[in-house]
Amino acid sequence: MTTLGIPIPKRPIHPTGVWDWLTTIDHKKIGVLYGVTAFFLFLTGGVEALWMRVQLMGPEADFVTPEVYNQLFTMHATTMIFLGVMPMGAAFFNFLIPLQIGARDVAFPRLNAFSYWTFLAGALILKFSWFMGGAPNAGWFGYAPITGIEYNPGNGIDFWILSLQVLGIASLAAALNFIVTIINMRAPGMSLMRMPLFTWMSFVTAFLLILAFPVITVALIELMFDRFYGTNFFVTSAGANPLLWQHLFWVFGHPEVYILILPAMGIVSEILPTFSKKPLFGYPVIVLSGVVIGFMGWMVWAHHMFTVGLGPVANSVFAVTTMAIAIPTGVKIFSWIGTMWGGSISFKTPMMFAIGFIALFIIGGLSGVMHSSAASDAQQQDTYFIVAHIHYVLFGGAIFAIFGGIYYWFPKMTGKFLGEKLGQLNFWLMFIGMNVTFFPMHFLGLDGMPRRVYTYSEGMGWDYWNLVATVGSVVLALGVLVFLHNFFKTLISGEEAPGDPWDGRTLEWSIPSPPPHYNFVQIPTVSDIDDWWHRKREDDSSLAPVAGSSEDEHDIHLPDPSYWPLVTAVGLFIGAYGLLYTLNIGTFTGFPLFAIVGGSITLVGITAWSLEPVNEPDSDH
Amino acid sequence: MVDWLWSFSGSKETLGVALRTMSICTPMRKRLVGVLLIALFGMLLLACYPDNPQSTFDATGPVAQSQLDLFWMIFWAALVVFIVVEGVLVYTIIRYRRKSEDYDPPQTHGNTVLEISWTILPAIILAIVAVPTVTTIFDNANSPSLAGEPAIEVEAVGYQWWWEFKYDDPNNPGNEIVTANEMHIPVDTVVNVTLTSPNVLHSFWIPKIAGKVDVVPNNINKLWIKAEETGSFLGQCAEFCGVAHANMRFRVIVESSAEFDAWLASQDEPALEPVDPLAIEGKTIFEGNQAQCWTCHTVSGSAKAQGTVGPNLTHVGSRTHIASGIRVNDQKNLREWIADPDRVKPGNLMAATAKVYTEPTSKLTDAQVSALVRYLQGLK
């Protein structure tokens with residue numbers, strides 16, 4: 001490289017402290033970064049929700065203004081979906097997929113670091129909007145034309161567009177990385193049909209990501225051009241049809257729902273067999289139904305648009321396809337119960353969350369079938385009935401699975417058990433709080449309460465259940481506080497966990513906790529689904545956590561850390577603001593300082609990234 | 001809070017008792033579950049109030065009734081599925097709870113017959129649900145007027161944040177009768193509603209009469225409704241449309257055919273000329289250059305007040321409510337509304353754009369407000 005004459009700084013070798021975290025390309029550390037960041041953002045989304053619940057606690061309250069309320073529900077949904085559930089899923093992808101398939105890292109470790117830093121950049125752009133003149137206020141769905149400059153002259157929508165575009169880059173890079181990793185880096189013998197279910201569902205999710213995000217990216221670029229450069233994609237006063245946005249949004253948005261729930265289903269499919277001491281019931285069918293859900297997720301988008309006037313033919317077709325998607329979902333639920341049937345079920349905290357997931361997801365699934373019936377949905381669309389439904393599938397579903405996953409893999413990640421008693425308390429508070437908060441919303445919706453209202457009059461009959469829901473949300477928040485307490489208490493004085501604390505079945509349990517940075521001393525050879533379980537039961541001599549020792553760990557070569565993923569992401573962060581802020585110097589106006597600085601940093605980052613050697617020559621591995 | 005949590009986790013005995021209560025199948029647990037179930041059932045009885053003004057459980061026309069019938073059918077099917085599946089789940093976790101740490105259960109991998117049946121069974125249930133779904137979709141999309149049933153036509157226009165209703169003028173074909181926020185219709189008659197919006201998305205919804213249909217700019221949507229009871233029915237915009245979305249309400253007033261005809265004829269009349277001095281002064285203010293009400297509002301019969309930005313006020317005094325249905329139309333509320341509209345309905349465009357509210361020098365005096373109230377109340 002030196003022949004080019006460009007001085008690239010050396011790769012950092014054995015950085016410590018903050019530098020270690022800033023330059024790491026270790027999938028496990030990136031997984032931790034994703035997890036901690038996403039959990040913090042999940043808390044901010046929760047605070048936004050609590051504000052709304054306080055406002056709706058009684059009729060005609062004025063705890064927040066209508067404008068702030070609109071910003072709260074927009075930010076709550078955008079945060080929970082893009083900054084909470086998706087990246088918490090990504091945290092598990094990062095930490096677990098290489099361990100589950102018997103690999104030492106992902107296919108492109110630096111790209112992986114870049115995904116995280118770009119995600120953080122997108123998250124900050126969105127969250128900083130609260131302090132930069134106002135958050136977006138048109139809902140996470142951003143229906144045209146209310147996102148247009150004519151109806152929404154503030155900067156909130158611009159922050160929303162830029163943030164989602166930057167987050168899209170992060171998601172696309174991560175998805176491609178995991179597809180390549182899963183296809184190419186499986187241990188010898190691990191055929192696709194021997195892959196752990198979590199890896200399988202992540203694999204399907206990654207395909208959904210690379211197919212869905214381009215759609216929203218195009219829609220957002222069109223909206224951005226409308227707002228900045230005077231195009232008329234969604235400007236109704238110039239004749240645009242606003243339904244174009246709705247189609248583009250939901251062609252992305254419905255697969256997005258499965259992007260949120262499939263990893264959760266994967267997590268549950270790992271926890272249930274371990275704590276039942278039985279293999280997954282109908283493994284091939286669960287895999288297949290996951291793939292079918294992934295395919296059919298593209299055929300149901302217009303069920304979000306049953307009331308926009310698509311006509312009876314379109315509504316009938318989408319009603320039937322939506323009902324059909326309940327079939328593979330049902331198959332999964334039955335197979336999970338079949339997994340527990342005949343087993344030896346232990347009720348440790350991860351299992352409680354997994355069982356809670358099934359119980360609550362059934363309710364969300366059934367209410368989903370209710371509004372798949374387009375005619376009856378005309379009464380439910382855009383009411384609290386839908387709010388109840390989405391929270392049963394996304395809170396009772398995705399979030400419960402994620403909490404279960406945290407309790408399950410925490411010993412693997414840190415070498416310490418999260419407290420079991422606090423875990424049970426955590427579960428029960430969240431389970432009760434969740435039902436008290438969201439079940440009454442079914443009643444509110446059927447009693448005619450629309451969504452996205454900052455206030456309601458007395459005498460509508462909505463006071464009682466709104467109060468109950470608000471009380472429930474406090475219980476829910478207490479549950480989350482108990483988790484935080486448990487988390488910090490465990491870090492300070494948690495019980496040490498061995499390599500295989502739950503009598504696990506998959507490869508991640510065959511190595512010590514926390515795993516060494518190279519994961520496997522020797523790449524295992526796989527001969528079964530649940531390979532580790534079979535090895536433990538069939539051959540007592542291989543019970544030792546580290547399989548084989550013929551290879552000296554000093555001979556394991558992993559790439560060194562790198563500065564450039566972070567630098568490239570910082571450039572994107574600064575550059576994104578370039579669209580909004582320009583400099584006026586004397587008579588020369590509109591100088592795009594941020595765009596030029598940010599763009600240059602990104603260019604330097606990418607160039608240096610591509611020129612730096614895999615390892616420093618003097619690095620010891 | 002954090003202190004409390006620390007102390008809670010510290011007192012292991014309390015926590016132990018609490019957890020034992022939660023663990024499966026102790027007598028205390030059974031009693032607790034019993035009490036909870038009774039409490040839950042009592043709460044569920046409270047849940048469905050058909051009397052609530054926007055309850056979908058009290059359908060008063062064929063469209064809402066068909067949607068409610070469909071809802072109940074799917075609800076009962078879903079309830080059966082719910083009880084069976086959750087029942088099996090609870091049974092499974094109780095029966096197969098761990099009794100010994102050393103026991104490895106048989107490692108069964110599947111059961112083809114079972115797997116095929118639990119794929120087909122839901123498919124059959126869904127097929128049964130799909131048939132009435134599709135027929136109801138078509139029934140509700142095709143107005144009976146297509147089959148020759150007599151119908152009246154109304155255009156509903158969604159504005160930020162109020163509704164305009166337009167009727168064909170029976171005495172003067174080609175002319176329109178325009179009113180706002182209160183839609184009168186005759187009982188037992190098909191009404192074809194055409195939905196348009198010159199601004200953002202809205203959704204037209206009168207829960208007791210018909211499920212919602214969105215109002216989409218540059219698209220003309222239609223729905224048909226029929227009410228089988230007289231009375232006043234609440235409706236509300238159901239698609240997020242901006243800052244005052246929550247306050248974009250309206251009423252459908254269902255009356256006998258004769259009452260409806262009389263109402264329509266009265267709406268066709270020009271506005272009543274004010275007679276008492278205060279009301280006359282109110283008219284002068286309304287049409288004057290300080291208040292400039294006339295630039296946005298129409299009062300039919302007035303040469304000046306022909307604005308179409310805000311609601312038509314020709315017969316505003318005859319309406320039951322003001323401010324798109326959120327306040328009763330009485331002297332006190334009208335006064336508050338005219339004096340400070342932003343306080344009554346935050347974000348409304350009159351408060352945001354009219355000079356009398358944006359420029360302190362043009363502010364209306366109390367006396368001027370009184371005169372305007374008297375004038376508007378007289379516009380019966």
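1. Helix 2 of chain A gives the nonpolar patch its largest share, three residues. The patch is on the surface and is made up of A:Val47, A:Trp51, A:Val54, A:Met57, A:Phe63, A:Leu467 and A:Val471, with about 610 Å² of accessible area together. Two elements of chain A each supply two or more of its residues: helix 2 (27-55) and helix 14 (463-493). Areas are Shrake-Rupley values with a 1.4 Å probe, and for residues only the protein chains shown count as cover.

2. Bear in mind that this is a predicted model: local features need pLDDT of at least 70, side-chain atom pairs count only at pLDDT 80 or more, and totals for chains, interfaces and linings use all residues. Residues are numbered from 1 along each chain as its sequence is written, chains are lettered from A and ligands numbered from 1 in the order in which they are written, and side-chain values use heavy atoms, leaving out hydrogens and water.

3. At 48% relative accessibility, A:Val471 counts as partly exposed, that is, between buried (under 20%) and exposed (over 50%), with a 1.4 Å probe and protein chains only.

4. Over in chain B, strand 10 (residues 249-255) has seven of its seven residues buried, so the rest of the structure largely encloses it. B:Phe250, B:Val252 and B:Val254 point one way, and B:Arg249, B:Arg251, B:Ile253 and B:Glu255 the other.

5. Strand 10 of chain B runs parallel to strand 4 (residues 182-186) of chain B, joined by five bridges, and antiparallel to strand 9 (residues 231-236) of chain B, joined by six. Pairing takes at least two DSSP bridges.

Conventions:
Patch = residues over 30% accessible without salt bridge, like charges linked within 9 Å, V, L, I, M, F, W, Y side chains within 5 Å. Salt bridge = Lys/Arg side-chain N within 4 Å of Asp/Glu carboxyl O. Helix = DSSP H or I, 4+ residues; strand = E, 2+ residues; numbered from the N terminus.
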